[in-house]
Amino acid sequence: QLQLVESGGGLVQPGGSLRLSCAASGFTLDYYAIGWFRQAPGKEREGVSCISSSDGSTYYADSVKGRFTISRDNAKNTVYLQMNSLKPEDTAVYYCAAHRWTITVQAMCVAGLGDYWGQGTQVTVSS
């Protein structure tokens with residue numbers, strides 16, 4: 001069964017950090033661009049960060065630049081999203097997605113492209 005599973009979400013105070021993980025099973029992530037997306041209640045889904053399958057190029061939404069870092073460990077078939085200096089407006093359900101034929105990671109993130117999607121993990125930033 002092909003699936004992506006997110007983990008690492010939780011409740012954190014403003015200014016805190018979390019690291020999300022996206023683990024694949026049933027297929028290898030080597031040939032897929034991977035993206036992190038989020039959706040807050042009443043808002044549209046937003047592309048947070050995406051990373052290419054080949055040259056490691058990355059894309060970040062303006063709202064998270066300088067605070068979030070995406071990385072991948074193909075040996076572990078896992079992609080990570082390190083989130084620092086978290087703000088209440090980062091509260092959302094975070095999803096990861098894998099896309100096989102990505103032209104640019106910006107396109108993947110902006111258009112919300114994904115062949116496979118995880119079920120999501122809740123991130124709540126609150127004091």
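This is a predicted model: local features need pLDDT of at least 70, side-chain atom pairs count only at pLDDT 80 or more; totals for chains, interfaces and linings use all residues.
Residues are numbered from 1 along each chain as its sequence is written, and side-chain values use heavy atoms, with hydrogens and water left out. Local features require pLDDT of at least 70 and side-chain atom pairs count only at pLDDT 80 or more, while totals for chains, interfaces and linings use all residues.

Strand S5 spans residues 46–51; strands are DSSP runs of E of at least two residues, numbered from the N terminus. Five of the six residues of S5 are buried, that is, under 20% relative accessible area with a 1.4 Å probe and protein chains only. S5 runs antiparallel to strand S4 (residues 33–39), to which five bridges join it; pairing requires that DSSP finds at least two bridges between two strands. Trp36 is placed opposite Ser49 of S5. Six residues separate S4 and S5 in their hairpin, where Gly42 has a positive phi near 80 degrees. S5 also pairs with S6 in the antiparallel sense, over three bridges, and Ser49 has Tyr60 as its bridge partner in S6. The hairpin of S5 and S6 likewise has six residues between the strands, and its turn contains Gly56 with a positive phi of about 75 degrees.

Ser63 is located in the loop between strand S6 (58–60) and strand S7 (68–73). With 34% relative accessibility, Ser63 is partly exposed, a class lying between the buried limit and the exposed one of over 50%. Beyond its neighbours within four places in sequence, Ser63 contacts Arg38 and Glu46, contact being heavy atoms within 4.5 Å. The side chains of Ser63 and Arg38 form a polar contact of 3.4 Å. A polar contact is a pair of N or O atoms within 3.5 Å; within protein, one must be able to donate a hydrogen and the other to accept it, and residues adjacent in sequence count only if both atoms are side-chain atoms.

Most residues other than glycine have a negative phi. Asn77, in the loop between S7 and strand S8 (78–83), has a positive phi of about 55 degrees and is buried at 13% relative accessible area. Ser85, in the loop between S8 and S9, has a positive phi of about 50 degrees and is partly exposed at 41%.

His99 belongs to strand S9 (residues 92–99) and is buried, with a relative accessible area of 11%. Its side chain makes a polar contact of 2.6 Å with that of Thr102. Apart from residues up to four places away in sequence, His99 touches Tyr32, Ala33, Met108, Leu113, Gly114 and Asp115.

Methods. Helices (H or I, at least four residues) and strands (E, at least two) are DSSP runs, numbered from the N terminus.
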